[in-house]
Amino acid sequence: MRFVDPTQIPELPLPFMNDDHAEEVRLLEALGEALEAHRARTGGLDVVLERLSLLAVHTREHFLREEQVMRESGFPAYPQHKGEHDRVLAEMDGEARAFREGGDPVRLHAYLFETVPAWFVQHIRTMDAMTARFVVSRPGAPGAAAV
């Protein structure tokens, strides 16, 4: 079952960003499978919590890599882009906490497979695309060598 359609995620001119986005999709898919198994009573809660934690760690690292390149390249919209990362991390933490405390798989599923994918695709098409274009336009800019 596909929880996130990877064909909706645009390719960017910075390979590390594409790699992070592909890993985010992979982790969401693995979490979706665990959550479906938990809902069907064929999988354990421990697997869902482990995969939720892996997603949270990767998302933080993913955002930190982008933020580092934005700072190093002097990206002018850094505060806005970082602010959106901070907002999403806080929201993601809140949903994970609500799941750990209340165990509502329907709420977590709706968040992860309705809210997150819609935000993710829009964020990549707008903020990430603008960031990547700016970075690769800078001679010797961080991350540009990876292109």
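Trainee: How much space lies in the largest cavity?
Mentor: This is a predicted model, and the largest cavity in it holds about 110 Å³ of space.

Trainee: Which residues are closest to its centre?
Mentor: The lining of the largest cavity has 17 residues, and those closest to the centre are Phe-63, Val-88, Val-116, Trp-119 and Phe-120.

Trainee: Which elements give two or more residues to that lining?
Mentor: They are helix H2 (45-73), helix H3 (78-102) and helix H4 (105-137). H4 gives the most, with eight residues.

Trainee: And what is the lining like by class?
Mentor: Eight of the lining residues are nonpolar, five are polar and four are charged.

Trainee: How many cavities of 30 Å³ or more does the structure hold?
Mentor: It holds one.

Trainee: Back to Phe-63 and Trp-119. What kind of aromatic pair do they form?
Mentor: Phe-63 and Trp-119 form an edge-to-face pair, with 6.2 Å from centre to centre and 65° between the planes. A search of the whole structure finds two aromatic pairs.

Trainee: Which parts does the pair of Phe-63 and Trp-119 tie together?
Mentor: Phe-63 lies in helix H2 and Trp-119 in helix H4, so the pair ties together parts that are 56 residues apart in sequence.

Trainee: New topic: where does H4 bend?
Mentor: H4 bends at Ile-124, by about 40°. At the start of H4, a side-chain oxygen of Asp-104 comes to within 3.0 Å of the backbone nitrogen of Val-106.

Trainee: Last one. Which residues does the UniProt domain annotation cover?
Mentor: The unreviewed UniProt entry carries the annotation "domain: Hemerythrin-like" for residues 15-129. That span is 90% helix and 0% strand, and its end C-alpha atoms lie 12 Å apart.

Notes: Residues are numbered from 1 along each chain as its sequence is written. This is a predicted model: local features need pLDDT of at least 70, side-chain atom pairs count only at pLDDT 80 or more; totals for chains, interfaces and linings use all residues. Side-chain values use heavy atoms; hydrogens and water are left out. On a 1 Å grid over the protein atoms alone, a cavity is a set of points where a 1.4 Å probe fits but cannot get out, and a pocket is an open set with protein on both sides within 12 Å along at least five of seven lines; lining residues have an atom within 4 Å of a point. Grid points are joined across faces, edges and corners, and a volume is the space filled by probe spheres set on the points. Helices (H or I, at least four residues) and strands (E, at least two) are DSSP runs, numbered from the N terminus. Ala, Val, Leu, Ile, Met, Phe, Trp, Tyr, Cys and Pro count as nonpolar, Asp, Glu, Lys and Arg as charged, and the others, Gly among them, as polar. UniProt positions are given in the numbering used here, feature names are shortened, and annotations may be inferred rather than shown by experiment. The bend at a residue is the angle between axes fitted to the seven residues ending there and the seven starting there. A polar contact is a pair of N or O atoms within 3.5 Å; within protein, one must be able to donate a hydrogen and the other to accept it, and residues adjacent in sequence count only if both atoms are side-chain atoms. Rings of Phe, Tyr and Trp (its six-membered ring) pair if their centres lie within 6.5 Å; planes under 30 degrees apart count as stacked, over 60 as edge-to-face and the rest as tilted.
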